[in-house]
Structures are given as C-alpha cells and as structure tokens.
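Let's take a friendly walk through a protein model together. Have a look at the sequence and the picture before reading on.

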Amino acid sequence: MNSIQGGVFQQNNARSHTAVVIQHALQSVNMLPWPARPPDLSPIEHVGDIIGRQLQRHPQSALTVPILTYQAQQAWNFMPQTDIRHLYDTMHEPLHACIQNSGGYIGY
C-alpha cells in the first residue's frame, strides 16, 4: 500500500480497524492519533445508519452491486430533510460532552 502524498487519515479504532492485518497495511499511512473509544461526532455515520435501515426494509434484496448502489442512491435522494436537520440540531450535545470529558468516551 502506498501512502497518498501529503494525506493524513483518521480511523475510529473499530475492532475491524485494529486487526493485525489492517494495522500492518496502515503502517505506511499517516494517521491522526485517536483514542481507543472515541466519541461518535460524525453526523455522516448516522446518515449511513439511516440509509442502512432503509435498505434493510427494502422489499427486494439487492443481489448485485449496481442494484445496491441504485437502492442506496434512492435512499439518499429521498431521505427526509427533517432527519438531516435533526442530526445537525442535536450535534451540540455530544460536542459539549466531548469537550467536558476532554475527548474521552461520552456514551453517544
């Protein structure tokens, strides 16, 4: 694996990211230091959860990558703006908790 020149990456220390094979692959990548149990401060992760739940409820299982791609795009296109607004409006709570806890685990 070649490092992307000038790139600095972050990973959330999820179990799949801490596997020996992944750690070996990431040796040549500049990584930001990150705590073992970082707070979830990324609204996009919650958007991914919403899309994932919509895909699970889809009446037809995606049997190919193009179908899955289409279904995910449709879920994104029709995601209610109120869901996105709710994520935005509630970010102050985990951000405040993260600051109060000096970046440690916050339970969100």
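The paragraphs below go from a pair of helices to one residue between them, and then to a salt bridge.

Keep in mind that this is a predicted model. Two packed helices are described by the angle between their axes and the distance between the axes. Here, find helix α2, which covers residues 43-56, and helix α3, which covers residues 65-77. Their axes come within 9 Å of each other and cross at roughly 120°. The crossing of the two is right-handed.

Which residues make the contact? From α2 come Val47, Ile51, Gln54 and Leu55, while α3 brings Leu68, Gln71, Ala72, Ala75 and Trp76. Sorted by kind, the residues of this contact are seven nonpolar and two polar, with no charged ones.

Now zoom in on Gln71, which sits in helix α3. Is Gln71 buried or exposed? Its relative accessibility is 8%, so Gln71 counts as buried. Leaving aside residues up to four places away in sequence, Gln71 touches Leu55, His58, Gln60, Ser61 and Ala62.

Let's finish with charges. Side chains of opposite charge can pair when their charged atoms come close. The structure holds one salt bridge, and Asp89 forms it with Arg85, with the closest N and O atoms 3.9 Å apart. Both lie in helix α4 (residues 81-89), and because they are four residues apart, about one helical turn separates them. Asp89 counts as partly exposed, at 40% relative accessibility, and Arg85 counts as partly exposed at 47%.

How values were computed: Residues are numbered from 1 along each chain as its sequence is written. This is a predicted model: local features need pLDDT of at least 70, side-chain atom pairs count only at pLDDT 80 or more; totals for chains, interfaces and linings use all residues. Side-chain values use heavy atoms; hydrogens and water are left out. Axes are lines fitted to C-alpha atoms, for helices over the stretch in contact, and angles run from 0 to 180 degrees between N-to-C directions. A crossing is left-handed if the near helix is turned anticlockwise from the far one by less than a right angle, and right-handed if clockwise. Contact means heavy atoms within 4.5 Å. Ala, Val, Leu, Ile, Met, Phe, Trp, Tyr, Cys and Pro count as nonpolar, Asp, Glu, Lys and Arg as charged, and the others, Gly among them, as polar. Buried means under 20% relative accessible area, exposed over 50%, partly exposed in between (1.4 Å probe, protein chains only). A salt bridge is a side-chain nitrogen of Lys or Arg within 4 Å of a carboxyl oxygen of Asp or Glu.
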